[in-house]
Amino acid sequence: MCGVFGIHGHPEAANLTYLGLHALQHRGQESAGLVASDGQQLFLHRGMGHVIDVFPPEQIAKLKGTSAIGHVRYSTAGGSFLKNAQPLAVDTARGSVAVAHNGNLTNAEALREKLEERGSIFQSVSDTEVIVHLMAISKARQLEDRIADALRQVEGAYSLLFLTEQTMVAVRDPRGIRPLCLGILPGKPDAHVIASEPTSFDLIDAEFVRDVEPGEMLVIDQRGIQSSRPFDRSPRSSCIFEYVYFARPDSTLDGISVYEARKHLGRALAREHGVAADVVIPVPDSGVPATIGFAEESGVPFEMGLVRSHYVGRTFIEPQQSIRHFGVRLKLNPISDTLRGKRVVVVDDSIVRGTTSRKIVKMLRDAGAREVHMRISSPPTAWPCYYGVDTPTRGELIASSHSVDEINQYITSDSLAYLSLPAMLEAVTAARPRSPGNGAARSLPVAPSRPDPQSFCHACWSGEYPIEFTPHPRQRHVRLMER
Ligand code: AMP
């Protein structure tokens, strides 16, 4: 779970990248970083925490140049340390190069062992560093060929941005697991932007052009933008969890509006698992669009029964005298008037460990709800993700070892139901596609095609992993700490 943003050919590159990262903050809150280039040199700044804290204005002012790439991180491979923060940037015999990665490589550990045996010294435990080492040993002369050489050896999920003194390169893995899209800035014919989600374009007045296609490499330099496909074709396996939970609802990914997809999921949920009720409420914020769909389809009135605080930081001081429900109340608080004496349907996008749902059900009952029916707009999450979404181990996923009835008992709801896998696939692909933009890059080949239900990765629900992954037995321990 990470976000990448890059811009080439704009005098305010670092500033705009900062804003772009801000719009991608939901994709990772652990660390943020930005590299800018003035054509001669790269300038890097990274830090732990939120974008707004990592980049005070005086810091951004130091990141000079007309191109920049940035990253927000939520650790999936490697621990939560500054040295695993991205972009990674190195000086090589051929010049400097920085890289920002969203996704997770499935053979990174095996490649790293081979590289270390032949003398490579790694700075971090992040899987992304493997790519930099593979590029360094490539015999190819051109940057794009060295990148392609490296990426032909890795497996897994990657939406990547590279920056050198002169050039920005964007690559999406051949299966298109994580999203990546291209935009332009109207009135700035030389400026191109690339981001994990197009919602980040809105903030800087950039225009969405199209999604980067699976297996596509875009090279952007003074000559303009060039598209190539350096990899063998693979079947598409875009992550459907992006639509269910992860992406922002104001994004459109691969032609499918996330907001519409979530409403469709809610409608399908009402059709499959309707229940007599007085109100339907979301678990805010991610459950809101699905609840709107559920209410539309079922006719059960939509209400806000829970309010979310947006100011919950990563750490808080718990009072010594224990307060009942302290943790969950920090985030969510019920509106008793909408709940008292009512039969309540509560819609959430997923149950992971089950602890949140259990607390929510108790909170709703304490607030006076007569019945609580939990409805989940995706199937039971029973398998961990190896492609870049932060999920706990299989043992911690409640649905890996418990039936729906058992989970219902655990979370103490009157009833619990999950959307089926076929209905989820159907609902997401039925969401209204957005027409591709008409920017300067429209002469580039490939128009975005709307994925069919077979072209999604749904391993976290089905256990059908599109890329094999054998968890590596060796555990790396970080001993050298950067503070
Ligand atoms: P849990 O208490 O572990 O069952 O958490 C369930 C809540 O976590 C739901 O409200 C989801 O919206 C949210 N959620 C689902 N997947 C993830 C994820 N990979 N990372 C963080 N939160 C998640």
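**Strands and helices of a predicted model**

Colleague: How many bridges hold the pairing of E12 and E13?
Modeller: Two strands count as paired if DSSP finds at least two bridges between them. A hairpin of 2 residues joins E12 to E13, and isoleucine 220 has isoleucine 225 of E13 as its bridge partner. The two strands pair in the antiparallel sense, and the number of bridges is 5.

Colleague: Which strands are the edges of the open sheet of 6 strands?
Modeller: The order of this sheet is E5-E6-E7-E8-E12-E13, with antiparallel pairing. Within it, E8 (residues 168-172) and E12 pair over 4 bridges, and valine 169 stands opposite valine 219 in E12. An edge strand pairs on one side only, and this holds for E5 (88-92) and E13.

Colleague: How many residues of strand E12 are buried?
Modeller: Buried means under 20% relative accessible area, exposed over 50% and partly exposed in between, with a 1.4 Å probe and protein chains only. Both faces of E12 are covered, with Met217, Val219 and Asp221 on one side and Leu218 and Ile220 on the other. The strand is largely enclosed by the rest of the structure, because the buried residues number 5 of the 5.

Colleague: Which helix do the buried residues of H6 pack against?
Modeller: In helix H6 (residues 143-153), the buried residues are Leu143, Arg146, Ile147, Ala148, Ala150 and Leu151. They pack against strands E7 (159-163), E8 and E12, and also against helix H5 (128-137).

Colleague: What is the handedness of the crossing of H9 and H10?
Modeller: The axes of H9 (residues 258-273) and H10 (residues 288-298) come within 6 Å and cross at roughly 45 degrees, the axes being lines fitted to C-alpha atoms over the stretch in contact (heavy atoms within 4.5 Å), with angles from 0 to 180 degrees between N-to-C directions. A crossing is left-handed if the near helix is turned anticlockwise from the far one by less than a right angle, and right-handed if clockwise. For H9 and H10 the crossing is right-handed.

Definitions and conventions: Residues are numbered from 1 along each chain as its sequence is written. This is a predicted model: local features need pLDDT of at least 70, side-chain atom pairs count only at pLDDT 80 or more; totals for chains, interfaces and linings use all residues. Side-chain values use heavy atoms; hydrogens and water are left out.
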